[in-house]
Amino acid sequence: MKITEIETLPVHVPLKPDVTMKTAHGRHVVSPYVLVRVHTDEGISGIGEGTLSPTWTGETRPGGLAVIRDLFAPELIGQDPRNINALMRRLSRVLVGNPFAKAAIDMALWDIAGKAAGVPVYQLLGGKVREELPIKLVIGGFPPDEAVVLGRKFLDWGTKTLKVKVGVGDDVARVRAVRELAGPDIPIGIDANQGWDIATARHRLAELEEFDILFCEQPIPRHDPAALADLRRTTKIPIMADESVFNAADAIQLVNHRAADILSIYPGKHGGIGPTLEIAAIAKAAGLSVTMGSNLELGIATAAMLHIGIACDAFTAEKFPGDYVGPWYHEADLLKTPLDLGPPAAKAPEGPGLGIELDEEQLEKYRDTTLKADAIG
């Protein structure tokens, strides 16, 4: 089997007006992403999704389209798409970083491999270790009254765990309001998205301990594991690293500094399924918990996350539910058949490959016609 063509599809999918996101990184109201279709000479194609994020990795949609066209496609055309490890090594040699663009290709290759073998991706990863994945829904950094409206909506939908964004506005009032709404039995985590400095984080976590917080995600900027370790020693709230862990070297640094209790991982951030599993293995060996994070993906990337979560036993899925939630926030997931996301728990698709099919009508509706779509091959 040989790759014959790489097709890029820029899309522009708004979030639902009543469930937009606000974090220390800013307001997220629309998702300017890139979809990828990899075609082969045997008529099998695979799809992937790049949830490109300028505030995380400096990756923009025009940039993603350019690197796929100019750097990745020449490395891929004519190659066997099932040689995933070798092909992803080639991409890493021609471009440093850019994990979300690489992940789009990686997902498409796994999709092809599963379709060629006639099995779901989770089967290629060794098979299921659980049947479902508990999820949590995320309340943005809004004023307390708006946070309560969102929290009530999410609880009505059936979620059993909430996460509240902090590091923006009145954190204590927001968390207090959500805890009063949820009562004592709903676990609540918080996520600062690097929004505090170390002194503020110490003070704020001390204030928030009374609300029985399940975890605090990325309280301070990502590049100082020693400071994160120092903060971890001063709080009873478990520390989750997200922006601090983009690759395996980052994970080793966090382990060596004893800087986190939990690692938040997902394939977009790490450049694909393989690197995500590497980080999960490091965390498991070090005795850390693992959860699935999110960059508010559409349906394709969420499917890839589900296959990882259902097959990887490093995930502490029941204690720390994952963020398999992007499609809940968007006006469309771009899939013919929506994913089974619960809540309270999600399930991986059962069809070959990623087990999903792109909805061409949705694609046309949300395609960004201001940018050129490429078909290289």
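Residues are numbered from 1 along each chain as its sequence is written, and side-chain values use heavy atoms, with hydrogens and water left out. Because the model is predicted, local features need pLDDT of at least 70 and side-chain atom pairs count only at pLDDT 80 or more, while totals for chains, interfaces and linings use all residues.

Colleague: Which strand gives the largest share of the lining of the largest cavity?

Modeller: A cavity is a set of points on a 1 Å grid over the protein atoms alone where a 1.4 Å probe fits but cannot get out, and lining residues have an atom within 4 Å of a point. Strands are DSSP runs (E, at least two residues) and helices are DSSP runs (H or I, at least four), numbered from the N terminus. Strand 6 (133–134) and strand 13 (289–292) each supply at least two lining residues. The largest share, three residues, comes from strand 13.

Colleague: How many charged residues are in the lining of the second largest cavity?

Modeller: That lining includes E49, Y266, E297 and M305. Asp, Glu, Lys and Arg count as charged, Ala, Val, Leu, Ile, Met, Phe, Trp, Tyr, Cys and Pro as nonpolar, and the others, Gly among them, as polar. By class there are five nonpolar and two polar residues, and the charged ones number two.

Colleague: How many disulfides does a search of the whole structure find?

Modeller: A disulfide is a pair of cysteine sulfur atoms within 2.5 Å. C216 has 0% relative accessibility and C312 has 10%. The number of disulfides found is zero.

Colleague: Is E217, which meets K163 in a salt bridge, buried or exposed?

Modeller: A salt bridge is a side-chain nitrogen of Lys or Arg within 4 Å of a carboxyl oxygen of Asp or Glu, and here the N to O distance is 2.9 Å. The pair links strand 10 and strand 8, 54 residues apart. Buried means under 20% relative accessible area, exposed over 50%, partly exposed in between (1.4 Å probe, protein chains only). K163 is buried at 2%, and E217, at 2% relative accessibility, counts as buried.

Colleague: Why does the pair of D191 and K165 tie together separate parts of the sequence, and how many residues apart are they?

Modeller: The two side chains meet in a salt bridge at 2.6 Å, N to O. D191 lies in strand 9 and K165 in strand 8, so the pair ties together parts whose separation in sequence is 26 residues.

Key. On a 1 Å grid over the protein atoms alone, a cavity is a set of points where a 1.4 Å probe fits but cannot get out, and a pocket is an open set with protein on both sides within 12 Å along at least five of seven lines; lining residues have an atom within 4 Å of a point.
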